[in-house]
Amino acid sequence: MTDTTSNPQADIARASELGVVARFLKATEIDTRMLGMIGALLLIWTGLHVISSLRLGVNPLDFDSRTFLTPRNLWNLSVQTSAVAIMACGMVLVIVMRNIDLSVGSAEGLIGMVMGFAQVHFLVRFVGLELGNPWIWVLALVIGLALGLLIGAFQGFIIAYLEVPAFIVTLGGLLVWRGAAWWVTSGQTVAPLDATFQLMGGGPAGSIGATWSWIVGIVACLAVVFALFNGRVQRKRFRFPLRPIWAETLLGVVTCAVIMGAVWLANSYPWPIGIVNRYAAANNITVPEGGLFIAHGIAIPVLMAIAVGLIMTFITNRTRFGRYVFAIGGNPEAANLAGINTRWITMKVFMIMGVLATVAASISSARQNSSTNVLGTLDELLVIAAAVIGGTSLAGGSGTIIGAMLGALLMQSLQSGMVLLGVDSPLQSIVVGAVLVIAVWLDTVYRKRV
Amino acid sequence: MDKTAPTGTPLIDMRNISIAFGGIRAVDDASIDLFPGEVVALLGHNGAGKSTLIKILSGAYKRDSGHIFVNGEEASISNPRDAKRYGIETIYQTLALADNVDAAANLFLGRELMTAWGTLDDVAMEAEARKVMGRLNPRFQRFKEPVIKLSGGQRQSVAIARAILFNARILIMDEPTAALGPQETAQVGELVKQLKSDGIGIFLISHDIHDVFDLADRVCVMKNGQVVGTARTTDVTQDEVLGMIILGKCPPGAIPGPGALKIAA
Ligand SMILES: Nc1ncnc2c1ncn2[C@@H]1O[C@H](COP(=O)(O)OP(=O)(O)OP(=O)(O)O)[C@@H](O)[C@H]1O
Ligand SMILES: [Mg+2]
């Protein structure tokens, strides 16, 4: 490894004693925690697949269409995960700062209701836009984002400047926003939503199709390669230790393979026959003998979740704001003495959380094509659980966006898997609760060892 | 007397500073000044009010009364940012490090180096961190670890490095060598002398009377929140200073303060 600069009297003693695995991890700089999560996820997926296969009496390796590891099931899983994964990104920052937000589910419900009311009643009846006007979904979303920001700012202000504990403020919010959602329409469901708005919920129309999915995949792979390359250039500029070339290559290849594999999966899930036929009729296409294969491709809500994940990762790792969030979580007193305006940062974190609740509300209301009074109920718990399973420490100061998103995927996998297996909902709750506790316990054990 | 008495405008002049926490008068009508290129040692028993006094200067606490002058002009210091704007840098007794981020992030906390795109320039910060840490503790290599994983002395080095990184004009050191080994302590001693020759004024809080006599030009002794007296280290003996600390007895070589033991006439 001629690449690594040698530090003769460095603190990195015992390097020669490392085993093969440890040397591999060191060279690739892979976070073992992350590896554990991915391992757990694969284990759960395999387990659910085998059990669902055995229950049907089919060979797991046949990948029967009713089992767990099928394009259809995984595609649905990706859409179902989006809303919680998006909010989990914000929850990471909240928890890193030693706060908590119990109100996100209710805020999501209120915002969903207001956006639904805006597009179905307010913008049409009071502003006078025609149904189907392309401005409707934009304005509804803007109203929702403004409301989310306002809710976050309001709660953040009380927490940061009036010094009421976040637990209490957001516990209040949990009740207040849910109640407020009821007032918008006196509890009536708002449906159907604007056709364009609905695209945020996924479905055949709300997916980008095979060609665009491949393009997204290729762009993502190029970005990965560029990021690895750029990181290397940066390290070289200051003569910092470099990863060996083989590790660099391996990381690139594995990441790109995962991306392209996911695209392939999304492109293997065809539209339902009825929709294909309607589409063919509308576009004067003759459906060939064995049926027409039109792939879903990546769903729009999944793209939204990925975008949120990337933006939030960027914010946490590369901006001043992100650095301050972590510093405050590590030692609020020190951050204050370093001249950081800790109150304003706290308020901003809750504002981000509010905006993300809006994004989640858009997805979940669009997905069910209605705004109901129960939208987002108990989501706060899933979101907190996702963040915590993803390695965000409730003591503050540590956590990652990607971990929280994986945590959301893990929770959702369990839940969808149990639905697929026909587990009744009381038992589902028991399993999810137990998994949460076990995951956090394992994490505690892990943290002590490292 | 080998040195001329400090003349001209003091770099820092704190006058009649008081602060109380609940019923405790942690600092009571204390006055202290500091000239460029001077080291003033602040001494006193545990709980005498030394840290509290300098925390008022560094903006961590808001004083109840009193005035602070920087270069002869009244300064309004009501938070740490204000103090830094006046070139006042502080090494806190508690170190005040964000334990979960690495040394470079701590050194630049609140004053990060940014790239042209407005993102954190971690690489440049680490390079700078390596330079400044090299001056203090050349063996230090663990730049990538969160500082909680460092030893007490290494953490102290990080806290010192942070204070000297930004060209301070006034440096406050609250027991900077409490956790350091002999070699590192000597290094900090050298550093103090070097900064002093650069014209920086230093407040040094220490319980080590030998160190104090080695480094300081003047000593200021506090007792129960009050200043017992101020003296040039050349005008008093170590025993006399100990007497000031323990008994509050002001020797002839010192200028008595409000806290000096009143000898019954
Ligand atoms: N934040 C605070 N709240 C309440 N009381 C405080 C606070 N900070 C200091 N005090 C009190 O003020 C007094 C002076 O404390 P200070 O920390 O200034 O002492 P010190 O001279 O630095 O002592 P040491 O040598 O132990 O560091 C003590 O009685 C202490 O209990
Ligand atoms: Mg002290």
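Reply: A polar contact is here a pair of N or O atoms within 3.5 Å, and that cut-off is the one to keep in mind for the ligand in this predicted model. Asn46(B) meets it through its side chain, where an N or O atom is 2.8 Å from an oxygen atom of ligand 1. The side chain of Lys50(B) likewise places an N or O atom 2.8 Å from an oxygen atom of ligand 1, while for the side chain of His207(B) the corresponding separation from a ligand 1 oxygen is 3.0 Å.

Turning to the chain itself, the domain assignment divides chain B into domain 1, made of residues 1-87 together with 168-265, and domain 2, residues 101-167. The centres of domain 1 of chain B and domain 2 of chain B, taken over C-alpha atoms, are 27 Å apart, and 17 residues of the former are in contact with 15 residues of the latter. The size of an interface is often given as the accessible area lost when the parts come together. For domain 1 of chain B and domain 2 of chain B this buried area is about 1200 Å², with 52% of it on carbon and sulfur atoms. On the side of domain 1 of chain B, the residues that lose the most area to domain 2 of chain B are Ala168(B), Gln187(B) and Leu191(B), which together make up 34% of what that side buries.

As for specific pairings, side chains of opposite charge can pair when their charged atoms come close. Between domain 1 of chain B and domain 2 of chain B the count is one salt bridge. Glu184(B) and Arg139(B) form a salt bridge, with their closest N and O atoms 3.4 Å apart. Across the interface of these two domains of chain B, five residue pairs are in polar contact, counting those with both residues at pLDDT 80 or more. Helix H6 of chain B (residues 182-197) supplies seven residues, the largest share of the side of domain 1 of chain B that touches domain 2 of chain B. By class, that side of domain 1 of chain B has nine nonpolar, four polar and four charged residues.

Definitions and conventions:
Residues numbered from 1 in each chain as written. Chains lettered and ligands numbered in written order. Predicted model: local features only at pLDDT ≥ 70, side-chain atom pairs only at ≥ 80, totals over all residues. Heavy atoms only, no water. Domains from an automatic or database assignment. Contact = heavy atoms within 4.5 Å. Buried area = accessible area lost by both parts, 1.4 Å probe. Salt bridge = Lys/Arg side-chain N within 4 Å of Asp/Glu carboxyl O. Polar contact = N/O pair within 3.5 Å; in protein donor to acceptor, adjacent residues only side chain to side chain. Helix = DSSP H or I, 4+ residues; strand = E, 2+ residues; numbered from the N terminus. Nonpolar A, V, L, I, M, F, W, Y, C, P; charged D, E, K, R; others polar.
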